[in-house]
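Student: Please take one chain of this model and go through it closely. I would like its layout before the details, and distances wherever you have them.

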Amino acid sequence: MSTTFAPLPTTASVSNAAASTTTESIVFAPTPTQQYLVRIGDTCLVHAQRLAEWSGHAPILEEDIALTNLALDLVGQARALLTHVGRQMGYDEDQLAFLRNERDFLNFTLVELPGRKAGRDFADAIVRNFLLSAWMNVLWAELEKSSDAEIAAIAGKAVKESCYHVAHAADWVVRLGDGSEESTRRMRQALARLWPYVAELFETDGVDAAAAEAGLGPMRMSLKAGWDAIVAPVFAQAALEIPATGAFRSTGSRGVHSEHMGYLLAEMQVLQRSFPGGVW
Amino acid sequence: MTAREPVSAARVTRAWEVLHGVLDPEVPAISVTDLGIVRDVIEHGDGLEVVVTPTYSGCPATEVIEQAITDAVNAAGLGPARVTQRRAPAWTTDWITPEGREKLRAYGIAPPGSCASEAAASNVQPIRLMARDVACPRCGSAQTERLSAFGSTACKALYRCIACREPFEHFKPI
């Protein structure tokens, strides 16, 4: 990279990556079954990005290590999924992770909501991790039966990892939910903030239908009973009341994100956008 | 063809011997074969394919291990080697050999128990504030406590022996 500044781009040169200081985004036109896999991969990736914000900042050292260990598993799962679906689309995992625009990310809105850096409570990180890891656990168990052998193989590994993700998150939910007056209050607030975004995890659309039709994976709404079976007893033990579900529906899995997503991507993608093709 | 077979077999056997000496970069007490991640060695024409099953989805040592395997096989004159991944069936700590477990213990890492007993124990309760008994790799006492479910690598937890007071790592069953 030259350290001298390039002249301001003219209209004609704006589309030329070589003359620009940022890399162009890839053209992303997935089929419904590809969208299905990208949704899962992006959810793992963005959840990992938020968990990793706690690196060096968790309340205790052990938790710092725990959350980043979980993030590492999630990055690995995202890599496997994006590499696999990317092969069908002619892109590698890095192009999919770092060179897509916000509207082309298909993660649930829940995982992109602000984390530590925006001043959100540790309780938010714990509650989100519990809600999401329980969902992933039920999903991976179903994906082990996928008609796509590679997806079934990825799920066979990931389901074991998601078991201890759930156990770790559940321990914290009980400890803090049924803890002191202060911890209970903050857990209730976190649950109230996050709950409106849970409905999206169990919606159904054409992407789900295409995946189910192909035997690739389950429709999201079919995961609800298994998820309830994990979540309800833990909340009961934590003495936390599950909030009522309102009419609001988030839309991240359709590419329409909250205002927080752009900032997350800016941080996640800056290196690859600034130094095109840079590798470790 | 029949005349070449003993030669091939010897080459594959030799490759396994070489792989016994390739150490895990994050737990340099045990080899990749002790760990049970090398699933097969196949001869193709003039090259050798080493089939590896990754340990954890996000294990950062995967690429390093693959490079170490390629380098070792090539250095022994058995190459050109290439490493391929086989994800299914998923790796389990049950594949760690008895010798591997002993090497872990001698290195100060409590080896994993069997996954079957772990699964049976965790089916009872999703919430497990306490993990089950892990014997201290130094003094052998079963009086130990878990300090942290996560440690310096994805595969280990941090424990402390109540009898001899030494902290130690435990290779988690998965």
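Tutor: Two strands pair here if DSSP finds at least two bridges between them; the strands (E, at least two residues) and helices (H or I, at least four) are themselves DSSP runs, numbered from the N terminus. The model is predicted, with local features needing pLDDT of at least 70 and side-chain atom pairs counting only at pLDDT 80 or more, whereas totals for chains, interfaces and linings use all residues. Residues are numbered from 1 along each chain as its sequence is written, while chains are lettered from A and ligands numbered from 1 in the order in which they are written.

The part I will look at is chain B, beginning with its layout. Chain B has 4 helices and 7 strands, and from the N terminus on they follow one another as α-β-β-α-β-α-β-α-β-β-β. The chain is 174 residues long, and 34% of them count as buried; a residue is buried if 20 or more other C-beta atoms lie within 10 Å of its own, exposed if 12 or fewer, and partly exposed in between, with C-beta atoms placed from the backbone. Of the contacts in chain B between residues at least 6 apart in sequence, 54% link residues at least 24 apart. Contact here means that the C-beta atoms of two residues, placed from the backbone, lie within 7 Å. Across to the other chain, 19 residues of chain B touch 27 residues of chain A.

Three strands of chain B form an open sheet in the order E1-E2-E3, and the pairing is mixed. E1(B) and strand E3 (81-85) of chain B are the edge strands; each has a single partner strand, so one side of each is left without a neighbour in the sheet. From one strand to the next the twist averages 25°. Angles of this kind run from 0 to 180 degrees between N-to-C directions, along axes fitted to C-alpha atoms, for helices over the stretch in contact.

Within this sheet, E1(B) and strand E2 (residues 47-52) of chain B are antiparallel and share 6 bridges. Val41(B) has Val50(B) as its bridge partner in E2(B), and Asp40(B) faces Val51(B) in E2(B). Helix H2 (residues 62-75) of chain B packs on the sheet, where it touches E2 and E3 of chain B, and its direction makes about 150° with that of E3(B). The hairpin of E1(B) and E2(B) leaves 2 residues between the strands, and Gly45(B) has a positive phi near 55° there.

Ile42(B) sits in strand E1 (residues 38-44) of chain B. Ile42(B) counts as partly exposed because it has 13 C-beta neighbours inside 10 Å. Neighbours within four places in sequence aside, Ile42(B) is in contact with Glu49(B) and Val51(B). By contrast, Thr55(B), 13 residues from Ile42(B) in sequence, is 21 Å from it in space, C-alpha to C-alpha.

Strand E7(B) is mostly covered, with 4 of its 5 residues buried. Strand E6 (residues 156-161) of chain B pairs with E7(B) in the antiparallel sense through 5 bridges. In that pairing, Lys156(B) is placed opposite Phe171(B) in E7(B). The hairpin of E6(B) and E7(B) has 5 residues between its strands, and Arg165(B) in it takes a positive phi near 70°.

E7(B) also pairs with strand E4 (residues 109-110) of chain B; these two run parallel and are joined by 2 bridges. The residue in E7(B) that bridges to Ala110(B) is His170(B). In general, strands of a sheet pair through backbone hydrogen bonds, either parallel or antiparallel.

Beyond these strands, Pro173(B) falls in the segment that follows strand E7 (167-171) of chain B. Pro173(B) has 20 C-beta neighbours inside 10 Å and therefore counts as buried. Pro173(B) and Pro112(B) lie 61 residues apart in sequence, yet their C-alpha atoms are 4.8 Å apart in space.
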